[in-house]
Amino acid sequence: MALPALELLAARGSNLVLAGRLWAADLFAGYPWPVLKLSKERGARLAELRAHCRPGTPALLLTNSFGSALDFRLASLRPAGYRTDARRLLLARSFPVPARWRDDDAPMHMVEYYYELASALAGGAAPPVPRDLSLRLAPAAVERARRSLHEAGIRGEYVMLCPVAVGLHKGKVKAWDGFGELGAELTGTGIRVAACPGPGERDAVRAAVPGATLLPETDVGTFAALLAGSRLVVANDSGSAHVAAAVGAPLVTLFGVTDARRTGPWSTHAERVGSADGWPGFSEVAAAVRRQLAARPPSPRQ
């Protein structure tokens, strides 16, 4: 969801170095931006930041936490970000949280939230935030995805199901429970159904969609290429849905505990089903999937 913000800064002449989780290097492998993989332990993180960044280097914090601001200040960088979590004194440049972010009737999306921060830092009028994302895929990731599909016996088109969503949201499970039935219905109509488990998720995915072709666990860049090549992706409101949106994949996203207006996939190719007040029924999801498939009939080669 931060991609438009990053692309804006790069277009304004910033030489970006991304600092974050281990998977970021794979996800952004198609860009010229170096990625600094930060450790979980604070002492190690500070040592990594000091080793790779000169004192006084400007740093934009897309996170809202006090801890991230403290890390970058202790590493002698000049962090900038929103005035959240009592961290204003730690920021070299601080920006007020947009008024729209607090508007529950017409809430601001996270993509807009990040983009407005980048716009404020860059200065000057910024173009409107794009309505679709366009994540660049590294050629190596595309080749790994092609090979993974070939080895799994998938030669033509496929629908990708992403049934797992890790963790809880306000104590509630973030995953819809109808993926098994949906997979069976799709398979019964002759559609090839695939699933790609994340690290440690293979058993959970196999249980959720027993009839799907399970692809091997892979890096997030290759996973993005697999989503980009699918006829349709069906996913919970999770990282999988956001990666699918980032690569422009046709998408049905399912909501049951999260707010689509703030964290839903940023894509004109996505259909959102359900709400923060409860999961959709099977018939509602199946109807959305049929609409999306009808809008994208199989290619003649299949």
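Here is a walk through this structure, one region at a time. What you're looking at is a predicted model, where local features need pLDDT of at least 70, side-chain atom pairs count only at pLDDT 80 or more, and totals for chains, interfaces and linings use all residues. Residues are numbered from 1 along each chain as its sequence is written, and side-chain values use heavy atoms, with hydrogens and water left out.

Let's start with helix H5, residues 110-122. Helices (H or I, at least four residues) and strands (E, at least two) are DSSP runs, numbered from the N terminus. H5 has 13 residues and reaches 18 Å from its first C-alpha to its last, close to the 18 Å expected at 1.5 Å a residue; the expected span is 1.5 Å times one less than the number of residues. Among the buried residues of H5 are Met110, Tyr113, Tyr114 and Leu117. Buried means under 20% relative accessible area, exposed over 50%, and partly exposed in between, using a 1.4 Å probe and protein chains only. The cover over those buried residues includes helix H1 (3-11), strand E3 (58-60), E4, E5 and helix H11 (260-263). After H5 comes Gly123, with a positive phi near 80°.

Now step back to the loop between strand E4 (78-82) and strand E5 (93-95), where you'll find Asp85. Most residues other than glycine have a negative phi. Asp85, though not a glycine, has a positive phi of about 55°, and Ala86 likewise has a positive phi, near 55°. Ala86 is found in the loop between E4 and E5 too. Asp85 counts as partly exposed because its relative accessibility is 47%, while Ala86 is exposed, with a relative accessible area of 75%.

Pro96 sits in the loop between E5 and H5. Pro96 and Tyr82 are 14 residues apart in sequence, yet their C-alpha atoms are 5.7 Å apart in space. Not counting residues up to four places away in sequence, Pro96 touches Tyr82 and Arg83, a contact being heavy atoms within 4.5 Å.

Tyr82 turns up again among the aromatic rings: ring pairs link Tyr82, Trp101, Tyr113 and Tyr114 into a cluster. Rings of Phe, Tyr and Trp (its six-membered ring) pair if their centres lie within 6.5 Å; planes under 30 degrees apart count as stacked, over 60 as edge-to-face and the rest as tilted. The whole structure holds eight aromatic pairs. One of them, Phe28 with Tyr31, is edge-to-face, at 6.0 Å centre to centre and 65° between the planes. Phe28 is buried at 12% relative accessible area, and Tyr31 is buried at 7%. Trp176 and Phe282 have ring centres 6.3 Å apart and planes at 10°, so that pair is stacked. Trp176 lies in the loop between strand E8 (172-173) and helix H7 (179-188) and Phe282 in helix H12 (residues 282-295), so the pair ties together parts that are 106 residues apart in sequence.

Which residue classes line the largest cavity? Its lining has seven nonpolar, two polar and two charged residues. (Ala, Val, Leu, Ile, Met, Phe, Trp, Tyr, Cys and Pro count as nonpolar, Asp, Glu, Lys and Arg as charged, and the others, Gly among them, as polar.) Asp26, Leu27, Arg136 and Gly221 are among the lining residues, and helix H2 (24-27) and helix H9 (220-228) are the elements giving two or more residues. Here a cavity is a set of points on a 1 Å grid over the protein atoms alone where a 1.4 Å probe fits but cannot get out, and lining residues have an atom within 4 Å of a point.

Key: 1 Å grid on protein atoms, 1.4 Å probe; cavity = no way out; pocket = protein on both sides within 12 Å on 5 of 7 lines; lining within 4 Å.
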